[in-house]
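Please keep the sequence and the structure in view while reading.

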Amino acid sequence: MWRTRAAAAACVICRSQAKSSYGIRRRSSLQSLCLVSRSIHHPCYPSSKFQRPPLRISIQLFSSLNRLPLHKTKLLSVKYGYQFHRNFWLARLASRLLRIRYLILGSAVGGGYTAKKTYDQWKDMMPDLDEYKWIVPDFIWELDEYIDFEKIIQALPDADDLAKLLPDFDKIGEILSSLKGFISLGSPGETAFRATDQGYDNDKQYKKGLLGELILLQQQIQQHEEEARRAAGQYHMGSSQQKRKVSDKEKIDQLQEELLRTQLKYQRMLERLEKENKELRKLVLQRDDKGIHQRKLKKSLIDMYSEVLDILSDYDASYNTQDHLPRVVVVGDQSAGKTSVLEMIAQARIFPRGSGEMMTRSPVKVTLSEGPHHVALFKDSSREFDLTKEEDLAALRNEIEIRMRNSVKEGCTVSTETISLSVKGPGLQRMVLVDLPGVISTVTSGMAPDTKETIFSISKAYMQNPNAIILCIQDGSVDAERSIVTDLVSQMDPQGKRTIFVLTKVDLAEKNVASPSRIQQIIEGKLFPMKALGYFAVVTGKGNSSESIESIKEYEEEFFQNSKLLKTCMLKAHQVTTKNLSLAVSDCFWKMVRESVEQQADAFKATRFNLETEWKNNYPRLRELDRNELFEKAKNEILDEVISLTQVTPKHWEEILQKTLWERVSTHVIENIYLPAAQTMNSGTFNTTVDIKLKQWTDKQLPNKAVEVAWETLQEEFSRFMTEKKGKEHDDIFDKLKQAVKEESIKRHKWNERAEDSLRVIQHNALEDRSISDKQQWDAAIHFMEETLQSRLKDTESVIEGMVGPDWRKRWLYWIGRTKEQNIRNETKNELEKLIKCNEEHAAYLANDEVTTVRKNLEARGIAVDPCLIKDTWHQIYRRYFLKTALNHCNLCRRGFYYYQRHFVDSELECNDIVLFWRIQRMLAITANTLRQQLTNTEVRRLEKNVKEVLEDFAEDNEKKVKLLTGKRVQLAEDLKKVREIQEKLEAFIEALHQEK
């Protein structure tokens, strides 16, 4: 309606303009019509743009707006020509306003449509990533479980802060709106195209980075898959296109190869990213190592967990059912490749190898952790093996083999003792693995008969832990029907909730197996009766023991890149290579740890409470000392007792030594020196005989006897101090340990060999001296001789009484009778006594005729006697007679010191025997003094040193401590200490685990 009226008004103006010539002397053309009329009434006018006509003087007279007031102007009045020009500016203004309105509206509509179309195009260009989730490892999709994105978002700046950095779009809109009237705009399509080009340039710039390359790879994968689907659809069309199917099939194979290459390229890019990340972490860890001396080093999470497992292993070697902490248990048939898989995960050839021979003879616990340097070390050793050097690798393999062989007991083939090894290096996945001996089906020669059962029991003991992850290794190059370990694993984990199946030697399997689908059945879990969480296929080298880890990795990558198993989609990319295997195992390990560690900590907390209650009830007044603390306490007591030997007085040492030495040599002195010399007829012969006998005795026997006496005396005193009870403070629990330390120390102690030589000279000089200086020494010698003779006489009387039986008093008082042999000896004794009474100066030995006389006299009375019995009885009878005579002579010599000083001149009294005993007594005193000096100055210190060495050896021998420190109290304290330590370390580990989350 509005358009109709505007057109009519415009036509009136045009006609008026054409007819009127008032104020103008020229013909008015169509070009002089107003723009509004041309734009509305004359749509065919070629120019749609506004062009201002050139002004002339005549026109300027009537175009002025100041000539007439506006309220007198009428739009349709045609009486005056100048009114046409005066009313034309209103139409011109309306035309401009209407044009701006429609331009804005059209630009908005066109721009919105173009933006929507561009968005749809971009959306269609984006690949469907749901079908490519298998390319990205599973742990990427679970990052939100391990990384707190909320903390990251909180760490980012707020929206207000970000808004400050952005431009003010309102001001930009105002500027654009102000320029719309002065800038000629193009079509909406051109505007959208330019915006698209600009976005494409930005996108192109964005895709220059590594992430852009990944996105382009994803798009290429999407395009390849779409082409493969289209080709596959065409391939399954009617039978009329058989010739075309061949080319389509080739195209499908070509597309699949391109897809595989793209996937491998994507995998290599991820590896490059991981390598760069590894280098950065290595630099960070090296920087941390340099600052160890400035700050306390914080243990890694896996090291804390490994310490708990080590304590549990020491706490109960029989693998107590309470120990349900997770670890990765590596089981498999012998020579299935268990050790090779473990070496690939550890990225080092650390285990001894053999061709077909059993090399793993005991469980080996390997703790993998991340560190700046690739090193390995044992739990009980401080030596680090550099795994980048072949010399250290060889030494490490040799050390592991030696430890395995030492752990195997005599008569056995395998051992249950666990060897603990830690391996650190950049990029290693954190986990704890236990490599077990390979399962065998037949016991061969050289093996113990129970080897097969022992291996089965060890494997079951580790696998029966409900939280243990079972890494089942199966040799892919042998028939599946020959597998033994799969049945064992299916028994321990029927549902397969904690089992990961690994097929090794896939390269050999692909060559040897006639049907590749059999490998696919194994990986899909359809061939074996066991179930598993995941199935993996790996290649662990070409079978050459000298291959490096890097060469094995390259060979594995090259094999799977060219393998038909991946090209034909029998295997998926995330199911191959040991790298993906290690990622999956580590993920399962930490998942199991997080699910079970708190429950185990609660169980040990309850056990600790029960043990503490039992201790308080049984030993309320005693400290909770474990075996090591008790050993230290006993060690201090033993060392104190050894030190007590140095506090023994010299007088006590000399008295003991002198008394013991005389007891040891008195028989020899009486029987071999004194008695033979006493049989001589004069004093000169007596002294000569004594000197000769003493010289022989000193050269051969006396020094050795003296040293033996000194050593025995030291032992006795040491034993007395060790076994002496200290009253209420005495603890019987140390008795076995003290006895063992005493015996071992005495066994190791040896007297100084030079002591005998020096002692021989001293004794020889002492025995050569015959000069008694005073009466006191004379009386002391007489007293010493009397005591010795009386003691010998008492012993002789006792022997004679045993030979002839009790006398008449004892027979009447105690009603004891004599035996037949005692009666014979008694009669023989009576005959021999008569012989001595007849000749008081009789010699010490019976003549043969005298023996015959005695025998005949006894036979005359009806007593048959053997000549040997007569001689034995005579020896004791004469000995008693001699000792009594010598004692009487001692009493006579009490006043003989005066004659001795005059050398017994003009005197019938001879006291040479007193001089002999004085010489013996003096030798004993000098020898005792010399031995005491050797004891206190040398031997006690050497014994103390031996005791310390024995204690140090016992301290390092745990079996010895367990054997010597026993009892319920010790075991209870030991269990309490272990449980406390386990619980505390578990709590610290849980706290660190929560902090890492």
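The accessible surface of the protein comes to about 58,600 Å², and carbon and sulfur atoms hold 52% of that area. The model is a predicted one. Of its 997 residues, 40% count as buried. The secondary structure consists of 37 helices and nine strands. Among contacts with a separation of 6 or more, 78% are between residues 24 or more positions apart.

Strand β7, residues 469–475, illustrates the buried part. Seven of its seven residues are buried, so the strand is largely enclosed by the rest of the structure. In a regular strand the side chains alternate between the two faces of the sheet. In β7, I469, L471, I473 and D475 point one way, while I470, C472 and Q474 point the other way. Both sets are buried, D475 and Q474 included.

The pairing partners of β7 can be traced next. Strand β1 (residues 328–332) runs parallel to β7 and is joined to it by five bridges. Within this pairing, V329 stands opposite I470. Strand β8 (residues 499–504) also pairs with β7 in the parallel sense, over six bridges.

Y814 belongs to helix α30, which spans residues 808–814. Because its relative accessibility is 57%, above the 50% cut-off, Y814 counts as exposed.

Technical notes: Residues numbered from 1 in each chain as written. Predicted model: local features only at pLDDT ≥ 70, side-chain atom pairs only at ≥ 80, totals over all residues. Heavy atoms only, no water. Buried < 20%, exposed > 50% of the residue type's maximum accessible area, 1.4 Å probe, protein only. Helix = DSSP H or I, 4+ residues; strand = E, 2+ residues; numbered from the N terminus. Pairing = 2+ DSSP bridges. Contact = heavy atoms within 4.5 Å. Areas by Shrake-Rupley, 256 points an atom, 1.4 Å probe, with all protein chains shown as cover.
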